[in-house]
Amino acid sequence: MKWDGERMTKSARNKTIDFDLDHAPQAVLEQIATLQPGPVSLAAIRDRSINGDSFQVVRQFPDRFADLALVDPPYNLDKRYDGLNFKHQSTGEYQEYTQRWIDLIKPKLTPTASLYVFADWQTSVALAPVLAANFTVKNRITWQREKGRGAKGNWKNGMEDIWFLTMDEREYTFNVDQVKQRRQVIAPYRENGQAKDWHESAAGRFRDTMPSNFWDDISIPYWSMAENTGHPTQKPEKLLAKLILASSNPGDLVLDPFAGAGSSLVTAKKLDRHFVGIEQSRLYTAWGVYRLQAADHDRSIQGYTDGVFWERNTGALQRRLNKKKG
Ligand SMILES: C[S@@+](CC[C@H](N)C(=O)[O-])C[C@H]1O[C@@H](n2cnc3c(N)ncnc32)[C@H](O)[C@@H]1O
């Protein structure tokens with residue numbers, strides 16, 4: 001941001017989507033769905049971004065239609081979300097709140113569906129027993145993200161939890177081959193002159209590694225990224241792409257009851273999945289719809305190219321490779 005004498009202006013490289021509703025394109029406003037009271041059919045909500053209160057809206061949906069739920073609820077912190085002030089609650093109150101949304105969402109999932117639930121470490125303390133009482137807990141992913149306010153009397157929080165849950169203990173989708181991570185090989189090992197578990201290309205030596213539950217290859221969206229919006233807790237498309245590719249198939253439907261700026265919906269669309277999103281803020285819904293419309297002509301996901309997830313800070317390398325191919 002810089003000062004132009006009268007107001008702060010954005011630098012030309014700042015791609016943040018942060019228009020206000022008065023300046024939202026008409027085509028965006030027209031695509032924001034709102035529901036009249038009463039039951040709705042799947043056809044009426046598929047691939048829609050709905051502006052409303054999930055605790056009302058989800059009740060109107062048919063049962064057993066979602067193959068994957070990505071749930072990023074307000075964490076148990078004081079936080080301002082355009083028009084909604086979420087207040088820190090006691091552990092018991094946050095657990096009741098969690099059980100309330102689970103009771104709404106669970107009947108909407110297919111019997112082989114998966115869920116991912118986001119939390120910071122403090123929220124997880126309250127969340128975990130409630131999740132375990134309602135679903136099979138498959139894993140807890142630690143996302144190491146480069147943001148967090150430093151504190152003089154404590155360690156800075158630089159991670160988030162992503163709980164991986166399934167409806168059925170055994171029957172669920174997990175496409176491990178689609179979420180391998182491509183790493184540059186530092187010490188290439190050969191056996192009988194042959195590369196062992198890595199391959200050589202004009203751009204260098206690489207290994208596609210099995211994905212673990214520790215993710216340090218994804219940064220939060222920032223101002224020079226096309227996906228960045230003014231939402232205070234937006235999740236990166238690269239992160240959501242991993243979850244969607246691993247735990248759903250093309251044509252499946254992804255449900256997000258706390259959709260924010262639409263990150264999961266946009267990523268689902270780019271990966272040929274259907275989606276339904278609900279967000280209480282009309283402004284955030286508008287930013288999401290704007291991104292959904294942009295995805296009609298740009299399906300790229302930063303950090304995921306040619307079906308491969310790349311390490312952080314390999315953008316230049318990826319561009320070089322693309323150039324060579326082109
Ligand atoms: C942690 S943020 C989700 C951010 C989102 N994953 C993204 O990438 O933009 C939680 C969102 O839930 C919304 N929210 C909170 N309570 C809600 C409710 N009852 N119904 C619909 N949306 C709600 C907030 O406005 C906020 O945008």
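Which helix and which strand each supply at least two residues of the shell around the ligand? They are helix H3 (54–57) and strand S17 (274–279).

## Basis of the description

This is a predicted model, in which local features need pLDDT of at least 70 and side-chain atom pairs count only at pLDDT 80 or more, while totals for chains, interfaces and linings use all residues. Residues are numbered from 1 along each chain as its sequence is written. Helices (H or I, at least four residues) and strands (E, at least two) are DSSP runs, numbered from the N terminus.

## The ligand shell

The ligand is surrounded by 20 residues, and the closest are Ser54, Tyr81, Phe258, Gly260 and Ser263. By type, the shell divides into 8 nonpolar, 8 polar and 4 charged residues. Here Ala, Val, Leu, Ile, Met, Phe, Trp, Tyr, Cys and Pro count as nonpolar, Asp, Glu, Lys and Arg as charged, and the others, Gly among them, as polar.

## The sheet of eight strands

An open sheet is formed by 8 strands in the order S3-S17-S16-S4-S7-S9-S8-S15, with mixed pairing. Two strands pair if DSSP finds at least two bridges between them. Strand S3 (48–51) and strand S15 (214–215) are at the edges with a single partner strand each, so one side of each has no neighbour in the sheet. Helix H6 (residues 237–247) packs on this sheet and touches S4, S7, strand S8 (136–144) and strand S16 (253–256). The direction of H6 makes about 155° with that of S4; axes are lines fitted to C-alpha atoms, for helices over the stretch in contact, and angles run from 0 to 180 degrees between N-to-C directions.

Strand S4 (residues 66–71) runs parallel to strand S7 (residues 109–119), to which 5 bridges join it; Ala69 has Leu115 as its bridge partner in S7. S4 also pairs with S16 in the parallel sense, over 2 bridges, and Leu68 stands opposite Val254 in S16. S16 is in turn joined to S17 by 4 bridges, again in parallel, with Val276 of S17 as the bridge partner of Leu255. In a regular strand the side chains alternate between the two faces of the sheet. A residue is buried if 20 or more other C-beta atoms lie within 10 Å of its own, exposed if 12 or fewer, and partly exposed in between, with C-beta atoms placed from the backbone.

## The nonpolar core

The largest nonpolar core has 60 residues, and those with the most contacts inside it are Ala69, Tyr116, Val117 and Ile244. Such a core is a set of buried Ala, Val, Leu, Ile, Met, Phe, Trp, Tyr and Cys residues joined through C-beta atoms within 7 Å. Apart from neighbours within four places in sequence, Tyr116 is in contact with Leu70, Val71, Ile162, Trp163, Phe164 and Leu243. Two residues are in contact if their C-beta atoms, placed from the backbone, lie within 7 Å.

Thr112 is found in strand S7 and counts as partly exposed, with 13 C-beta neighbours inside 10 Å. Leaving out residues up to four places away in sequence, Thr112 touches Met167, Asp168, Glu171 and Tyr172. Thr112 and Met167 are 55 residues apart in sequence and 5.8 Å apart in space, C-alpha to C-alpha.

## An enclosed helix

Helix H7 (residues 263–270) is largely enclosed by the rest of the structure, because 7 of its 8 residues are buried. These are Ser263, Ser264, Leu265, Val266, Thr267, Ala268 and Lys270. The buried residues of H7 pack against S3, S4, H6, S16, S17 and helix H8 (282–294). Just after H7, Asp272 takes a positive phi of about 65°.

## The sheet of five strands

A further open sheet has 5 strands in the order S13-S14-S10-S19-S18, also with mixed pairing. Strand S13 (199–201) and strand S18 (304–305) are the edge strands, each pairing on one side only. S18 runs antiparallel to strand S19 (residues 308–310), joined by 2 bridges, and Thr305 stands opposite Val308 in S19. Asp306 lies in the loop between S18 and S19. The phi of Asp306 is near 55°, a positive value in a residue other than glycine, and Asp306 is exposed, with 10 other C-beta atoms within 10 Å.

Notes:
Near = placed C-beta within 6 Å.
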